[in-house]
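Here are some notes to read beside the structure. Please keep the view open and find each element as it comes up.

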Amino acid sequence: MWEDFINALNNFRRNKTRTFLSLLGVIIGVASVIVITSIGSSSTKQVSDSFGSTGLDMVSLSSGGMFRGRNAVSLTFNETFRNNLFENVENIKEIWYKNSLSATMTYGEVSGSVNCSAIETGYLEAYNMELEEGGRFFNVTDNEEGTQKIILNHDTALNYFPAGDALGKKILIVVNRVSFSFEIIGILKEQTMGMENGAAFIPKGFYTKKIVPNAQAAQVIVQVTSEDKASSVVTKIKEYCTSLTGTDTSVNVTSMQTMLEQISKITSTLAAMLSAIAAISLLVGGIGIMNIMIVTVTERKQEIGIRKALGASPGAIKQQFLVESASITLIGGFFGIIVGILLSFAVEYVQKIAYVINTNACIIAFVFSVFVGIFFGLNPASRAAKLDPVIALSGE
């Protein structure tokens with residue numbers, strides 16, 4: 001077989017234009033598959049990076065407040081609901097209650113509207129958020145007593161304190177025309193925060209005592225035991241809430257992990273569909289290879305006749321032309337991978353997205369290209385094997 005491969009390369013050198021045209025279809029087909037799948041993988045990674053690596057083990061619940069007949073059906077996020085959720089849904093690590101409010105924040109001459117989150121102790125730590133040096137998170141006392149402490153995210157702190165001296169300062173927050181003075185105890189480091197994008201954070205105890213007394217939680221944040229359990233917990237929470245209210249629209253349940261999985265499925269499906277379309281060019285290239293191999297067999301009848309006269313078996317003749325056909329697609333597949341990777345890199349460089357090589361796509365496209373060469377080379381090889389040596393030597 002190695003000798004057949006060397007002979008095939010020599011034949012390619014003698015017919016450079018024909019060989020190049022044969023290779024072109026294979027190269028385009030393989031490169032197209034790789035470009036499409038690589039861009040799909042890179043887009044998925046970019047979306048994943050934009051969500052951040054924190055919060056993938058978090059599930060968010062908010063009331064749907066839909067109707068059953070004339071009666072409103074809604075859930076009350078109180079301590080009873082928290083305890084029952086723990087008891088009825090597996091793989092829950094922790095549950096936090098949260099409320100949000102729009103407020104006007106003022107310091108000196110700088111003033112603006114901010115989205116402020118009233119949170120329980122441990123909430124920010126669960127998102128793996130980090131504080132700049134010197135700051136601290138809320139403790140149990142802050143939440144229980146409702147202390148007037150506040151934590152700012154990086155951008156908010158930069159807007160109000162460009163010099164970076166926010167810690168320990170007093171900042172004014174106006175809610176419903178009532179002013180409150182808060183001490184800044186922490187500044188979050190710059191990071192992708194995923195589902196949590198609050199500009200400022202205050203203890204939930206303060207919210208329920210001073211802003212909306214005895215307020216129920218507007219949002220429930222559930223931390224699951226591991227990221228891979230998030231999707232199943234989402235399903236179980238929906239089922240549990242449906243059993244309480246009798247409607248599957250009583251609660252909105254979202255998870256970053258679930259969203260990422262859905263996005264990944266969509267991009268993978270689109271990439272597979274487009275790759276299948278791109279693979280058609282490989283089949284077209286295979287048909288071109290078959291036509292060229294048929295011409296090659298016709299041109300080399302005397303060579304085939306001499307080999308048969310010297311004792312070559314039909315199987316050896318068939319193998320010779322199959323190796324030659326497969327060699328074209330093997331070489332084309334190799335160069336197609338190189339071209340595909342270079343084109344993918346160029347496209348993703350221009351688009352400014354992370355570069356990801358889909359290794360599986362490279363392997364599959366290469367193997368498929370070789371298969372195409374063998375499949376479409378089978379007919380010409382069989383014709384060569386069946387030639388009568390007398391007729392072949394006569395050149396007829």
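1. A word on helix axes comes before the points that use them: an axis here is a line fitted to C-alpha atoms, for helices over the stretch in contact, and angles run from 0 to 180 degrees between N-to-C directions. Please bear in mind that this is a predicted model.

2. Take helix α3 (residues 79-88) and helix α8 (residues 230-245). Their axes come within 11 Å and cross at roughly 125°. Angles of 65 to 115 degrees count as roughly perpendicular, so α3 is oblique to α8. The crossing of these two helices, α3 and α8, is right-handed.

3. How do α8 and helix α9 (residues 256-299) cross? Their axes come within 8 Å, at an angle of roughly 110°. The two helices, α8 and α9, are therefore roughly perpendicular to each other. Here the crossing is left-handed.

4. R82 forms a salt bridge with E120, and the closest N and O atoms are 2.9 Å apart. R82 sits in helix α3, while E120 lies in the loop between β5 (110-119) and α4 (123-126); the pair is 38 residues apart and links distant parts of the chain. Side chains of opposite charge can pair when their charged atoms come close. Across the whole structure, a search finds seven salt bridges.

5. Which residues form a nonpolar patch on the surface? They are F20, L21, L24 and I28, with about 380 Å² of accessible area together. F20 belongs to helix α2 (residues 16-51). An α-helix has 3.6 residues a turn, so residues three or four places apart point the same way.

6. Helix α11 (residues 314-351) has 38 residues. From its first C-alpha to its last, α11 reaches 54 Å, close to the 56 Å expected at 1.5 Å a residue. Just after α11 comes K352, with a positive phi of about 60°.

Methods
Residues are numbered from 1 along each chain as its sequence is written. This is a predicted model: local features need pLDDT of at least 70, side-chain atom pairs count only at pLDDT 80 or more; totals for chains, interfaces and linings use all residues. Side-chain values use heavy atoms; hydrogens and water are left out. Patches are made of residues with over 30% relative accessible area and no salt bridge: like charges are joined within 9 Å, nonpolar side chains (Val, Leu, Ile, Met, Phe, Trp, Tyr) within 5 Å. Accessible areas come from the Shrake-Rupley method with a 1.4 Å probe; for residues, only the protein chains shown count as cover. A salt bridge is a side-chain nitrogen of Lys or Arg within 4 Å of a carboxyl oxygen of Asp or Glu. Helices (H or I, at least four residues) and strands (E, at least two) are DSSP runs, numbered from the N terminus. The expected span of a helix is 1.5 Å times one less than its number of residues. Angles under 35 degrees count as roughly parallel, over 145 as roughly antiparallel, 65 to 115 as roughly perpendicular and the rest as oblique. A crossing is left-handed if the near helix is turned anticlockwise from the far one by less than a right angle, and right-handed if clockwise.
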